[in-house]
Amino acid sequence: MNKFIFDVDGTLTPSRRLMDAEFKSYFLKVIEQFDVFLVTGSDYAKTVEQCGQDICESVNAVYNCSGSEKWISGECVVTTEWMMERQPFQWLEKRLQYSKFPLRTGNHYEHRTGMMNFSIVGRNANKKQRQQYVEWDTKVGERNLIADKFNEFWLDLEARPGGETGIDIGPKGSNKSQILKDFNQTDNLIFFGDRMDEQGNDFPLSNAIVHGVNHHVSDWQDTMKILQENYL
């Protein structure tokens, strides 16, 4: 049985922005025809803000915080609690202090269910400031470097770049692949994500899917094109 799984930022919406109205109308038709699941590093409130309550309550389930929360019809049915200890937090503080990117906007640590998101530029950054960091990080690869070094120090934890400006951190194994426990071997999983590169936060799930196909997309337009040409 085909089951569709979608990342949100960069796959269904521009990063941290609203879903395109035309694509949303089309996507609601996809939900009517197939079993559809969302999986994102963001919290549920942010997913509702970006995709709309109608979509979030119409899909089979929304997995937030990389699967540490599960929502069905607007109700949280699974939650995993975790808080990062002091030592790795202090290590990240030094990375924040020594980063050569010149701008800091505040809200550099965002605790979510079962995970934490760390951002050098800060989650208070506006669209222009975020884009400045994206362009800089693309050149120097800061997030990949921080995540790789973090994983060398803290073997029981896992850090991966998430979204455009952040790094998702949680207990080892608390990545998007943890949602697979809700599926069985007869399911044909069709996964859409924009960060399936080895250091991206969609990689653990795409790499763990045995029966199905992974669509590594560049943006929501790419997602819509693939859906229209192959599925509906």
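Student: Is N107 buried, partly exposed or exposed in this model?

Tutor: The model is a predicted one, and every value discussed here is computed from it. A residue counts as buried under 20% relative accessible area and as exposed over 50%, with partly exposed in between. N107 has 33% relative accessibility, so it counts as partly exposed. The residue is found in the loop between helix 4 and strand 6.

Student: Which residues meet where helix 5 and helix 6 are in contact?

Tutor: Helix 5 contributes Y133, W136, D137 and V140, and these meet E142, R143 and L145 of helix 6. By class, the residues of this contact comprise four nonpolar, three charged and no polar ones.

Student: In what order do the strands of the four-stranded sheet stand?

Tutor: The order of a sheet lists its strands as they lie side by side. Here the four strands form an open sheet in the order 6-7-9-8, with antiparallel pairing. Strand 6 and strand 8 (157–162) stand at the edges with a single partner strand each, so one side of each has no neighbour in the sheet. From one strand to the next, the twist averages 20°. Within the sheet, four bridges pair strand 7 (residues 115–119) with strand 9 in the antiparallel sense; N117 stands opposite D168 in strand 9. Helix 6 packs on this sheet and touches strand 7, strand 8 and strand 9, its direction making about 175° with that of strand 8.

Student: What is the strand order in the sheet of seven strands?

Tutor: The seven strands form an open sheet in the order 5-4-3-2-1-10-11, and the pairing is mixed. Its edge strands are strand 5 (75–79) and strand 11 (212–216), each of which pairs on one side only. Neighbouring strands are turned by 20° against each other on average, direction ignored. Strand 1 (residues 2–6) and strand 10 (residues 188–193) run parallel and are joined by five bridges. F4 has I190 in strand 10 as its bridge partner.

Student: How many aromatic pairs does the structure hold, and how are such pairs described?

Tutor: An aromatic pair is described by the distance between ring centres and the angle between ring planes. The structure holds 19 aromatic pairs. One of them is F89 with Y109, a tilted pair at 4.6 Å centre to centre with 40° between the planes. F89 belongs to helix 4 (residues 86–98) and Y109 to strand 6 (residues 109–112), so to speak of a pair here is to link distant parts of the chain, 20 residues apart. F89 is partly exposed, with a relative accessible area of 29%, whereas Y109 is buried at 16%.

Student: Which geometry does the pair of F101 and Y133 adopt?

Tutor: The ring centres of F101 and Y133 are 4.9 Å apart and the planes stand at 90°, so this pair is edge-to-face. F101 is in the loop between helix 4 and strand 6, and Y133 is in helix 5, 32 residues apart. Both residues of the pair, F101 and Y133, are buried.

Student: Which residues form an aromatic cluster?

Tutor: One aromatic cluster is formed by F4, F6, F23, F27, F34, F192, W220 and Y231. A ring can also have a charged group over its face: R95 lies over the face of W91, at 4.4 Å from the ring centre.

Student: Where is L180 found, and what does it contact beyond its sequence neighbours?

Tutor: L180 is found in the loop between strand 9 (166–171) and strand 10. Leaving aside neighbours within four places in sequence, L180 is in contact with L189, L205, A208 and I209.

Conventions. Residues are numbered from 1 along each chain as its sequence is written. This is a predicted model: local features need pLDDT of at least 70, side-chain atom pairs count only at pLDDT 80 or more; totals for chains, interfaces and linings use all residues. Side-chain values use heavy atoms; hydrogens and water are left out. Two strands pair if DSSP finds at least two bridges between them. Helices (H or I, at least four residues) and strands (E, at least two) are DSSP runs, numbered from the N terminus. Axes are lines fitted to C-alpha atoms, for helices over the stretch in contact, and angles run from 0 to 180 degrees between N-to-C directions. Contact means heavy atoms within 4.5 Å. Ala, Val, Leu, Ile, Met, Phe, Trp, Tyr, Cys and Pro count as nonpolar, Asp, Glu, Lys and Arg as charged, and the others, Gly among them, as polar. Rings of Phe, Tyr and Trp (its six-membered ring) pair if their centres lie within 6.5 Å; planes under 30 degrees apart count as stacked, over 60 as edge-to-face and the rest as tilted. Buried means under 20% relative accessible area, exposed over 50%, partly exposed in between (1.4 Å probe, protein chains only). A charge sits over a ring if NZ of Lys or CZ of Arg is within 6 Å of the ring centre and within 35 degrees of the ring normal.
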